[in-house]
2 protein chains.
Amino acid sequence: MPSRETGNGRLPIYLRIQDALTAEIARGAWRPGDALPSEDALARDFGVALGTVRKALGALAAEGKLDRRQGRGTFVRRPDFGNAMFRFFRHADADGVPLRPTARLLARRRTRADAGIAAKLGLARGDELLELFRVRLIDGEPILAEEIALDARRFAPLAALPADAFGDLLYPTYERVCGAAVARASEIIRFDRAATRVAKALGVARDAPVAAIERTAFAIDGAPLEFRRSYGPAERFAYALELK
Amino acid sequence: MPSRETGNGRLPIYLRIQDALTAEIARGAWRPGDALPSEDALARDFGVALGTVRKALGALAAEGKLDRRQGRGTFVRRPDFGNAMFRFFRHADADGVPLRPTARLLARRRTRADAGIAAKLGLARGDELLELFRVRLIDGEPILAEEIALDARRFAPLAALPADAFGDLLYPTYERVCGAAVARASEIIRFDRAATRVAKALGVARDAPVAAIERTAFAIDGAPLEFRRSYGPAERFAYALELK
DNA sequence: CAGTGGTCTAGACCACTCC
DNA sequence: GAGTGGTCTAGACCACTGG
């Protein structure tokens, strides 16, 4: 038995391993999709028993940081928010066919951050922003209007990107063009009324009721990357929850 | 080594133990708040190693079915939806003092179930319902109007209960007066406009925008107990989510 | 086939709770 | 101090994946 001094750091070993691995992932030691060393190798590296690293890996998998697949290995999870916004809206998939939303970029401009957005993005007031405005459609019908704010420096390549190269999903574009990978996000749902620009994009009356989803997206190291406000027609909004 | 035939049931032992314990709990072998036998005792009963029952108990704790407390024991969790509705609404707690909502019963009557509610409650169309209408307030200000439908037979004692004996929370009342314990619930958030009765209760204009939360509450054996529609002023609605 | 994670066991000691 | 869950170890075999 190598050391038998659980109390040396006061924190359980498996938690320290969990933290160590989290830090390694945040540092970028393994990119999303990469495989970690095998359980055996990790146990040797950390000088602990197999069961201990298993406990740490299991916890990280439960947190959504890792994917474990028998016979394959343990992988850094690539979060897929693909069409996460659309979980809020009923879209008429009469036949159960998963409808693929599309996106159209309506506007792109540089502005300066007001205090609110600066705080959300970890910038200073007056710092330069890249602002996108786009509409997302299902079956040609507009479902969501989105105002997106980005640090203009960090996302400079997007300013020059042809409008039709943005694609239907932005996060893969951020990663491909700017090397910025979104790891998690936090959202707030509110109810609001459509401003002129939003109303026009959605094809509803000005001041029509809309559901507003504010999202801040973060990199794996915790730095905020994007702040986004998405608006959809209130009468299409429906969101399900389970309570235990 | 007692048996060494993992494959006898084809399902991992810890999953079978998990299922067995879930069934026992649903059957009411232990009431909410009761302690389960110790890990040691369970391991002996099931004829498996300690680690195996630990894995099952840990999973059940993660699901929210059990509470485990070091030095105390493992307990059947009593779900506490206390003021769960209010997680949807900003209530002005300027000093961070947790404001305690109150409730006032405005109406109580017998009706018959239409097809929709019958389906929600597992009844037949035309079966007798007990319908409650109440308003919930914070600091004297109405925040939620609630329409509640119950099986009149199952909840017969409520028909006779004095209005001021309902208390601020219904679920404890259901359990105390009718022996009906709520174990979980599922909700759908929508956006709607205030009907006359709701508008009056909330002190807003008719057709004012409201957030509507539909909730079906279930007993531990999965039987639906209550269907409830709660309405609150749309401009006070705010709900936070985390995405990973 | 070798290598990976998944399950299971057996037994040790630690940390907390309550009498 | 007795009893509980929490941590850790060491080693076995199973089930799946890929060359």
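How many aromatic pairs does a search of the whole structure find over all chains? The search finds 15 of them, where rings of Phe, Tyr and Trp (its six-membered ring) pair if their centres lie within 6.5 Å, planes under 30 degrees apart counting as stacked, over 60 as edge-to-face and the rest as tilted. This is a predicted model, in which local features need pLDDT of at least 70, side-chain atom pairs count only at pLDDT 80 or more, and totals for chains, interfaces and linings use all residues. Residues are numbered from 1 along each chain as its sequence is written, chains are lettered from A and ligands numbered from 1 in the order in which they are written, and side-chain values use heavy atoms, with hydrogens and water left out.

**Interface between chain A and chain B**

- Contact, meaning heavy atoms within 4.5 Å, involves 29 residues of chain A and 30 residues of chain B.
- The two chains bury about 2,500 Å² between them, 55% of it on carbon and sulfur atoms; buried area is the accessible area (1.4 Å probe) that two parts lose on being put together, summed over both.
- On the chain A side, the residues that lose the most area to chain B are Phe191(A), Leu243(A) and Lys244(A), together 30% of what that side buries.
- Between the chains there are 10 residue pairs in polar contact, both residues at pLDDT 80 or more. A polar contact is a pair of N or O atoms within 3.5 Å; within protein, one must be able to donate a hydrogen and the other to accept it, and residues adjacent in sequence count only if both atoms are side-chain atoms.
- Strand 6 (182-193), strand 7 (209-219) and strand 9 (238-243) of chain A each give two or more residues to the side that touches chain B. Strands here are DSSP runs (E, at least two residues) and helices are runs of H or I of at least four, numbered from the N terminus.
- Strand 6 of chain A supplies the largest share of that side, 10 residues.

**Strand pairing**

- Strand 9 of chain A pairs with strand 6 (residues 182-193) of chain B in the antiparallel sense over six bridges; two strands pair if DSSP finds at least two bridges between them.
- Within that pairing, Tyr239(A) has Ile189(B) as its bridge partner.
- Strand 6 of chain A and strand 9 (residues 238-243) of chain B are also antiparallel, over six bridges, and Ile189(A) stands opposite Tyr239(B).
- In chain B, strand 1 (residues 66-69) and strand 2 run antiparallel and are joined by four bridges; Asp67(B) stands opposite Phe75(B).
- The hairpin of strand 1 and strand 2 of chain B has three residues between the strands, and Gly71(B) there takes a positive phi near 85 degrees.

**Salt bridges**

- The structure holds 40 salt bridges over all chains, each a side-chain nitrogen of Lys or Arg within 4 Å of a carboxyl oxygen of Asp or Glu.
- Two salt bridges are counted between chain A and chain B.
- Arg184(B) forms a salt bridge with Glu242(A), the closest N and O atoms being 3.1 Å apart.
- Arg134(A) forms a salt bridge with Glu146(A), with the closest N and O atoms 2.9 Å apart. Arg134(A) is in strand 4 (residues 128-138) and Glu146(A) in strand 5 (residues 141-151), 12 residues apart.
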